[in-house]
Amino acid sequence: MNKTIIIGSRGSDLALWQAHFLQQELKDIGYASEIIIIKTQGDKIQHLSLDKLEGKGFFTKEIEDALLNKTIDVAVHSHKDLPTEFTPGLTIAAVSHREDASELIIINKSSADPLKLLQIKENAVVGTSSARRNTQLQFFRPDLQFKDIRGNVPTRIEKLRKGDFDAIVLAFAGVHRLRLNIDDLHVVKVKPQKIVPAPAQGVLAFQCREEDKNVCAILEKINDADVAKTISVERKLMQLFKGGCHMPLGVYCEERNENFNVWIAQADEKGGILKRMFKHTESVEGLAENLFSLLKKENTKRVFISSKPLGNDHYLQVLNNAGCKVQSQSFVDIKRTIID
C-alpha cells in the first residue's frame, strides 16, 4: 500500500497528540499519513454536562461517519470514549500500549489539606462531569461538593486556577501526554486500585473499515496484544452492565506473572450505593461474565461487630454497601471513676 493513510481526529490538544502518536507509529513501519480534524457532538456542545447529552458516542460518532463514507482511512480514539456496541462495518484493528491509568486530583494550594483523605479540604467543591469519579469520591469523602466541568484538559486546569473549583479530577494519561506544567497546583496521584478508572482508560483505539483489509493489516503490526487482552475484560463488563459515560462503573484489569488481577467499583446510579470488588484469577476466559454475576448477586451474609459503630464508620459503610446484614454490640462498658 503506497497511498497516504488519512487519519481522522478531534481537534483538542490531547486528541491531536493521539493522532500524531499514531502518525509516528505508522512512520516507524514505513507508511505516510496525514491528519484531518473532525468536530464531534461533544466538542460542539460545551454548556451541557455529559449526562444531559442525548445518545452515546458523543466524541466518536462524527468520526465514525467519516470512516464509513471513506473521507478518512483510520480513526484514533481514546478507547474509554467508545460505546461498547460497535458500529456495523467498523472494527478496532489495533490498540496502543497502556499509559498509567491513575487519576490525578489537582487542587488549588489554598484548598489542599494534607491531613485529610485525598488531601482535599473539608467541604471542597470538586469539578468533574464523570458519574464514576463523583460516586467513588463520595464514597471516600461524603463531605465533598461536586460541580460539572466541561472543556479540554488545559481549559479545565485554567478553570481551576481561576477559582471556579477547589479541585478537579483528570486522567493522569492526558496530563502526562501533554506535558502540562502544573507546579503551581497541589497534585495527588491516586492509583487505579483505589479510584478505579474507566474501562480502557489510558489506551488508544485505532479504528478502520472492516472491508479495508490493507489498512487492517497495517494496524495489526502496531497492536499491543497484551493490552487488548486485559481491556477486553473491562469493556465486556461495561457491555454487560449496558454502561456508557453515564454509568458509575470503574474496572481495571492487569496481568502479572501470567495471572490477572481485577478491581471494580460499580453503582447503579450517580451517588448511589457503591460496590467494590477484587478478583485474582489465572485466566480471562469468562471472567467478565463471572464478575457480572457476582456483582448482581444479592448478598445474604450476616456480620457481627463487637463494638459500637461511630457516626460515620467507613468500615460499616463498606459492609452495608456490599449488602451485608450488620449487627453490632459493644462488650466493653466504660465507666468514669473519681478517686479521692
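The mean pLDDT (the predictor's confidence in each residue, from 0 to 100) of the protein chain is 89, and 86% of its residues reach 70 or more. Over residues 50-56 the pLDDT falls below 50, although this stretch has 17 contacts in the model beyond near neighbours in sequence, a contact meaning heavy atoms within 4.5 Å. Where pLDDT is low, the predicted coordinates should not be read in detail. The model is a predicted one, in which local features need pLDDT of at least 70 and side-chain atom pairs count only at pLDDT 80 or more, while totals for chains, interfaces and linings use all residues. Residues are numbered from 1 along each chain as its sequence is written, and side-chain values use heavy atoms, with hydrogens and water left out.

Helices (H or I, at least four residues) and strands (E, at least two) are DSSP runs, numbered from the N terminus, and two strands pair if DSSP finds at least two bridges between them. Five strands form an open sheet of mixed pairing, in the order 2-1-3-10-4. Strand 2 (33-37) and strand 4 (90-95) stand at the edges with a single partner strand each, so one side of each lacks a neighbour in the sheet. On average, neighbouring strands of this sheet are turned by 30° against each other, direction ignored; axes are lines fitted to C-alpha atoms, for helices over the stretch in contact, and angles run from 0 to 180 degrees between N-to-C directions. Strand 4 pairs with strand 10 (residues 204-209) in the antiparallel sense over five bridges, and the bridge partner of T91 in strand 10 is C208.

Zero disulfides, defined as pairs of cysteine sulfur atoms within 2.5 Å, are found in a search of the whole structure. For C208, the closest cysteine sulfur is that of C216, at 3.2 Å, which is too far for a bond. Accessibility was classed as buried (under 20% relative accessible area), exposed (over 50%) or partly exposed (in between), with a 1.4 Å probe and protein chains only. C208 is buried, at 0% relative accessibility, and C216 is likewise buried, with a relative accessible area of 15%.

C216 belongs to the buried residues of helix 7 (residues 213-220), which are V215, C216, I218 and L219. Seen down the helix axis, these residues fall within an arc of 165°, so they line one face of helix 7; the arc is that of the directions from the helix axis to the C-beta atoms. Their packing partners are strand 1 (5-9), helix 1 (13-28), strand 3 (74-78), strand 4 and strand 10. The face turned away from the buried side carries the exposed residues K213, N214 and E220.

Positive phi values occur at two loop positions. K70, in the loop between helix 3 (61-68) and strand 3, has a phi near 70°, a positive value in a residue other than glycine. K70 is exposed, with a relative accessible area of 53%. R179 lies in the loop between helix 6 (172-178) and strand 9 (186-190). Its phi is positive, about 55°, although R179 is not a glycine, and the residue is exposed at a relative accessible area of 61%.

M277 is located in strand 13 (residues 275-281). Neighbours within four places in sequence aside, M277 is in contact with V262, W263, I264, L291, L294 and L295. M277 and L295 are 18 residues apart in sequence, and their C-alpha atoms are 8.1 Å apart in space.
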